[in-house]
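Welcome! Please keep the structure open beside you as you read.

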Amino acid sequence: MQKFILEKKNNIAGVSALLIILGFTSEFGFHNESLAMWSLALASVLGVAPIAIQAYQALRVKVVSIDLLVTIAVAGAFVIRNFEESAIVTFLFLFGAFLEQRTLQKTRSAIKELTELAPESAWKQREDGTFGEVAIDEVTVGDILLVKTGAKVPVDGMVQSGEGYINEASITGEAVPVGKHKDSRVFAGTILENGTIQIIAERVGEDTTFGRIIELVEEAQDSKSETQRFIDKFSLYYTPLVLILSVVVWLISRDMELAITILVLGCPGALVIGVPVSNVAGIGNGARHGVLLKGSEVIHDFSKVDTIVFDKTGTLTIGNPSVADTIYYTAEEEKTAAYLVSVEQESDHPLAKAIVEKLGEIGTYKIEKTDVARGGGIVALVDGHRIVVGNLALMEEEQIEISDQAHQDIARLEQQGNSLVLISVDGEMQALFGIRDQVRPNVKSHLQRLKELGVKHLVVLSGDNQGTVDVVARQLGLTEAYGHMLPEDKAAYIKRLQKEGRIIAFVGDGVNDSPSLALAQIGIAMGSGTDVAIETSDVVLMNSDFSRLPHAFGLTKAILANMRQNIAIAVGVVVVLLASVFLSEWMNMSIGMLVHEASILVVILNGMRLLRYRLPKER
């Protein structure tokens, strides 16, 4: 019976409204006071039923809820035969709950849009080579799937054949279609706008990037900030306090109606709902713009950041460096190049890839042994020769003699902003490569926006040489710049800044800089939904889009301001209502409940403004 009544709560509110209309029409239109009394009394009984059930269920778990205050108030009004007040109070409470539910659904619209994009079926290749439609649960890793024009990509995978353009807004927040061809990566939940492709499934179900995004956003919504936990705890004590205040007022004044009115006006509904609605709307805005904020605590901490530390390669720069200068110090250039390619093709480092791409198809040697010098380079045994490939620090560590001419070349290339790769064969330096990475487009203006939003210090830490780092720092107007930094050096630097009282956000690629991401108050990963980026950071900027960083920072500040506004509205309304009870003659239960429900809608609507948040235009 309880379940049935609660399920029909909205219908009960509608019936109560009709009975109230009938009651007032009977009294003022036809002067039938008997019918009016019975209509309003019935409206009161019907209206209080779901409220009383909710109060009872809360009491069973030892929670004194707002519903209990309203139930007691309505019962008191019924005892003193004030049926008009009891009927209107129950209707307003139920109608307010209905409006809250409807408006809160809108704040979750961004998340609902995401979940609705989750694919439900796929065209899977059968054993005879034909394709048939199956439920998404029947797809496993390694299956070959067909995606047609207008269809959702069902899994994360690799294009095996075909070409087309895919809208990846659900992953990156960017609606411009991206061209896909053989060996391109595709993500579940994105939409093939034209073309036809066949893909090999690599991640399915909840393991897909899209599945992880939904999971993270939903977890973030459910998490509670310190402010929200305080308000939840406060409301547990506040509600009984209002009940005690009402009893004390009745004992002193013997005015039942005044005591009942205090119960109604003291309800802290807007205070309880104000903070969660700001969080939900803000996180939803971030999800729609390619920013994943992992919970309320992250929002609070990020909004307080005064120092942002950046990795250079792949963060401030595009991360796709190319060889700009090549200098040989030997006549056997081809053999030296072959040694170099033999070693570098074993590495995934961006500088190694740039060298292999530059030297192209060339004969290579079998590598007999390899030792990686972290942050320095590689020492290898190739065709019986000891090959050292890396930076100047590694050469000095290996006691490789550097000629005066080579020192001059190194200084010149560093001043030009090159990252340096040196190669020695059997203890003799034989070549120097200058490699440059391009700064991300418009990154300087985005950094300026961060300064305008309140970030005082912008720092770059890099494993590259100091000259290269200084060039980038001057170009972008950074506060501090440090080169020759190993991962442990970066972590130590962040610890030092934290001891100075700074609140640090570290921005990196989520792979090499995981210690720094974990140490900083806020770890921000630049990543196209990669596993490491999603797992190790507090904030993920999808598609490595640097422009989302100012939006994310501004959004967290807007969310925090919105929370404070809602708390001020909620507390202010309760103070004014309670003061009006004692200082005015016009305040009563009906007016108080109307204002109370209106305040709840105001804080919800105020929170919903965050769904439309955009950074203000540049000054």
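Angles between helices run from 0 to 180 degrees between N-to-C directions, and the axes are lines fitted to C-alpha atoms, for helices over the stretch in contact. Keep in mind that this is a predicted model.

**Helices that pack together**

Let us start with helix α23 (residues 548-583) and helix α24 (residues 589-608), whose axes come within 9 Å and cross at roughly 175°. Angles over 145 degrees count as roughly antiparallel, and α23 and α24 are therefore roughly antiparallel to each other. On the α23 side, the contact uses N562, Q565, N566, I569, V573 and L577. Their partners in α24 include G592, V595, H596 and S599, along with V602 and V603. By class, this contact has 6 nonpolar, 8 polar and no charged residues.

Helix α23 also meets helix α12 (residues 296-303), and here the packing angle is about 105°, with the axes 8 Å apart. That makes α12 roughly perpendicular to α23. The contact of α12 with α23 divides into 7 nonpolar, 3 polar and 1 charged.

A further pair is helix α4 (residues 66-79) with helix α10 (residues 256-265), packed at about 155° with axes 8 Å apart. That angle makes α4 roughly antiparallel to α10, and the crossing of the two is left-handed. Which residues of α4 meet α10? They are L69, I72, A73, G76 and A77, and they touch M256, I260, L263 and V264 of α10. In this contact 8 residues are nonpolar, 1 is polar and none is charged.

**An open sheet and its helix**

Now turn to the strands. Strands of a sheet pair through backbone hydrogen bonds, either parallel or antiparallel. In this model, 6 strands form an open sheet in the order β10-β15-β14-β13-β12-β11, with antiparallel pairing. Which strands stand at the edges? They are β10 (322-328) and β11 (367-373), each with a single partner strand, so one side of each is left without a neighbour in the sheet. From one strand to the next, the twist averages 15°.

Within this sheet, S419 stands opposite I435 in β15. Helix α17 (residues 404-415) packs on the sheet and touches β10, β14 and β15. The direction of α17 makes about 10° with that of β15.

**Strand pairs side by side**

| Strand | Partner strand | Bridges |
|---|---|---|
| β14 (residues 419-425) | β15 (residues 428-436) | 7 bridges |
| β3 (residues 144-147) | β7 (residues 191-203) | 4 bridges |
| β4 (residues 156-167) | β7 | 11 bridges |

To find these β7 pairings on screen, look for I144, whose bridge partner in β7 is I200. Likewise, S161 has Q198 in β7 as its bridge partner.

**Salt bridges**

How many salt bridges does a search of the whole structure find? The search finds 11. D143 lies in the loop between β2 (131-135) and β3, and K124 in strand β1 (residues 121-125), so the pair ties together parts that are 19 residues apart in sequence.

How values were computed. Residues are numbered from 1 along each chain as its sequence is written. This is a predicted model: local features need pLDDT of at least 70, side-chain atom pairs count only at pLDDT 80 or more; totals for chains, interfaces and linings use all residues. Side-chain values use heavy atoms; hydrogens and water are left out. Angles under 35 degrees count as roughly parallel, over 145 as roughly antiparallel, 65 to 115 as roughly perpendicular and the rest as oblique. A crossing is left-handed if the near helix is turned anticlockwise from the far one by less than a right angle, and right-handed if clockwise. Contact means heavy atoms within 4.5 Å. Ala, Val, Leu, Ile, Met, Phe, Trp, Tyr, Cys and Pro count as nonpolar, Asp, Glu, Lys and Arg as charged, and the others, Gly among them, as polar. Two strands pair if DSSP finds at least two bridges between them. A salt bridge is a side-chain nitrogen of Lys or Arg within 4 Å of a carboxyl oxygen of Asp or Glu.
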